[in-house]
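Have the model open while you read.

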Amino acid sequence: MTKDVCSNIGLWLLFTLLLSNYVVDLEASHHVYNRLTQSSNTKSPSVNQPYRTGYHFQPPKNWMNDPNGPMIYKGIYHLFYQWNPKGAVWGNIVWAHSTSTDLINWNPHPPAIFPSEPFDINGCWSGSATILPDGKPVILYTGIDPKNQQVQNIAEPKNLSDPYLVEWKKSPLNPLMAPDAVNGINASSFRDPTTAWLGHDKKWRVIIGSKIHRRGLAITYTSKDFLKWEKSPEPLHYDDGSGMWECPDFFPVTRFGSKGVETSSFGEPNEVLKHVLKISLDDTKHDYYTIGTYDRVGDKFIPDKGFKMDGTAPRYDYGKYYASKTFYDSAKNRRVLWGWTNESSSVEDDVEKGWSGIQTIPRKIWLGRSGKQLIQWPVREVERLRTKQVNLRNKVLNSRSRLEVYGVTAAQADVEVLFKVRNLEKADVIEPSWTDPQLICSKMNVSVKSGLGPFGLMVLASKNLEEYTSVYFRIFKAHQNSNKYVVVMCSDQSRSSLEEDNDKTTYGAFVDIDPRQPVSLRALIDHSVVESFGGRGRACITSRVYPKLAIGKSSHLFAFNYGSQSVDVLSLSAWSMKSAQIS
């Protein structure tokens with residue numbers, strides 16, 4: 001460990017002690033457990049804890065939620081995140097800060113933003129980073145003032161020559177944007193500014209999440225100098241029945257190809273741009289997105305046909321995944337997505353283990369060829385953690401059969417498998433009322449046999465299958481005598497742990513693929529989290545599980561087929577994963 005890193009860790013610990021003076025009691029979308037937020041309840045987690053992840057980002061201890069202001073500056077990646085320096089439940093929120101050269105290994109720094117001024121004395125909530133045309137990064141974030149109003153503030157680096165941007169300063173002009181009853185803004189529902197973009201008129205634009213009654217809003221503000229902001233007469237977009245829109249994100253994508261696009265880009269010549277509006281729906285605690293067209297003159301987002309910005313919209317991830325944020329990675333010409341995953345254990349368990357919350361592996365995100373959905377895939381850098389590899393080829397999984405994968409560390413692994421489905425004519429016909437994939441997966445768990453499926457992976461499994469988490473597919477005919485099919489992907493946690501108090505929700509998603517072609521599944525397995533990618537990233541499901549038996553070296557990995565028809569495993573590659581350096 002370098003001297004600089006040791007110094008940064010020392011500063012980080014010093015700030016932790018200083019911040020222990022802050023006690024905040026707020027009503028918000030996150031529940032505050034007052035009796036559990038004091039530092040006396042904070043434990044220093046042991047490195048041997050069975051549920052701490054090996055290569056997912058999480059701080060050494062305490063509560064973490066939303067990723068904030070991710071960016072790249074002078075070749076260094078920055079991740080800020082909501083963090084409680086005093087305990088393993090939500091409260092006392094500051095902006096913690098870590099940096100990386102590869103998005104996988106991270107060094108900590110002192111908190112970048114913490115309550116210190118009237119405009120944020122009751123909390124520094126989520127926000128975003130914007131790189132100005134001269135290369136200077138700035139942060140817009142939500143502060144909570146003495147009246148518990150949500151206001152928008154700006155912070156900038158003290159030293160632009162420091163690629164680690166360790167110190168930040170707040171503007172004396174804060175707050176830059178404040179709730180105004182005349183404009184109908186709800187002072188308790190006005191938060192989470194996006195990365196700003198330059199419009200056709202050279203004015204900056206930013207959107208803030210809000211609501212009026214049941215109408216969810218993306219409120220637009222404009223500015224010539226990034227300091228004086230004016231509310232636009234009309235929102236960028238709204239929906240009348242969806243409730244509060246948290247953590248909005250708005251960015252362009254190319255109509256063809258997977259390269260990323262800078263947030264203010266108008267597009268290259270002959271390049272067709274679409275825009276993505278993503279919101280985190282407070283009512284459901286899920287992230288939804290809509291693809292459409294941005295009217296730059298009218299400052300309106302117009303969803304494409306078939307899209308509606310509410311709970312029916314497609315989701316980034318159909319499991320535990322919330323408050324996501326993207327940034328444009330200018331070094332690799334890609335757009336990178338971060339997302340927060342909370343725990344499935346009880347609050348008391350979180351306090352006992354001394355921490356709560358992780359970030360999923362950063363994902364490259366782009367518009368699929370159909371133009372109707374986004375594709376996500378773990379950033380390539382995570383593959384550098386792959387070590388021992390096991391390969392299987394051309395195996396047949398007969399009905400009600402399992403194939404154990406030996407030779408890898410099953411509790412900390414990366415698995416890619418390619419299935420070939422036989423006898424598609426044997427698929428069951430899907431019921432017309434089955435429009436919710438999560439209900440399908442809940443009703444037809446892994447023990448229920450059908451024509452085609454379930455087939456997939458059993459991960460974090462005990463030797464005798466007292467515990468396992470199953471990630472699998474089922475294939476249905478759209479109609480009798482039809483050559484169109486419906487593919488459902490499930491992540492079944494119902495048998496994941498002998499601990500009865502955990503959340504064991506079963507998740508499901510439709511996968512827009514043709515099962516006449518090989519069906520792919522990738523699973524990132526990391527002790528208490530399973531990130532699953534179906535159809536090369538067309539559907540993603542993240543699960544949190546806490547087995548009692550299937551931990552460490554006692555964890556097993558299986559490919560399985562419990563359907564009535566045989567399924568081929570064309571290829572299966574599994575790697576043991578090294579732990580990332582996250583100090």
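The link of C441 and C490 is left-handed, with -80 degrees about the S-S bond. The two partners come from distant parts of the chain, 49 residues apart. Keep in mind that this is a predicted model, and that the structure holds 1 disulfide.

**The bonded pair**
- In the disulfide of C441 and C490, the sulfur atoms sit 2.0 Å apart, and that counts as a disulfide because the cut-off is within 2.5 Å.
- If you want to find the two ends, look for C441 in helix 3, which covers residues 437-443, and for C490 in strand 31, which covers residues 485-492.
- Are the two ends buried or exposed? C441 is buried, at a relative accessible area of 0%, and C490 is buried too, with 0% relative accessibility.

- C247 isn't in a disulfide: its nearest cysteine sulfur belongs to C124 and lies 15 Å away.
- C247 has 4% relative accessibility, so it counts as buried, the cut-off being under 20%.
- C540 isn't in a disulfide either.
- Which cysteine sulfur is nearest to C540? That would be the sulfur of C441, at 15 Å.
- C540 comes out as buried as well, with a relative accessibility of 1%.

How values were computed: Residues numbered from 1 in each chain as written. Predicted model: local features only at pLDDT ≥ 70, side-chain atom pairs only at ≥ 80, totals over all residues. Heavy atoms only, no water. Helix = DSSP H or I, 4+ residues; strand = E, 2+ residues; numbered from the N terminus. Buried < 20%, exposed > 50% of the residue type's maximum accessible area, 1.4 Å probe, protein only.
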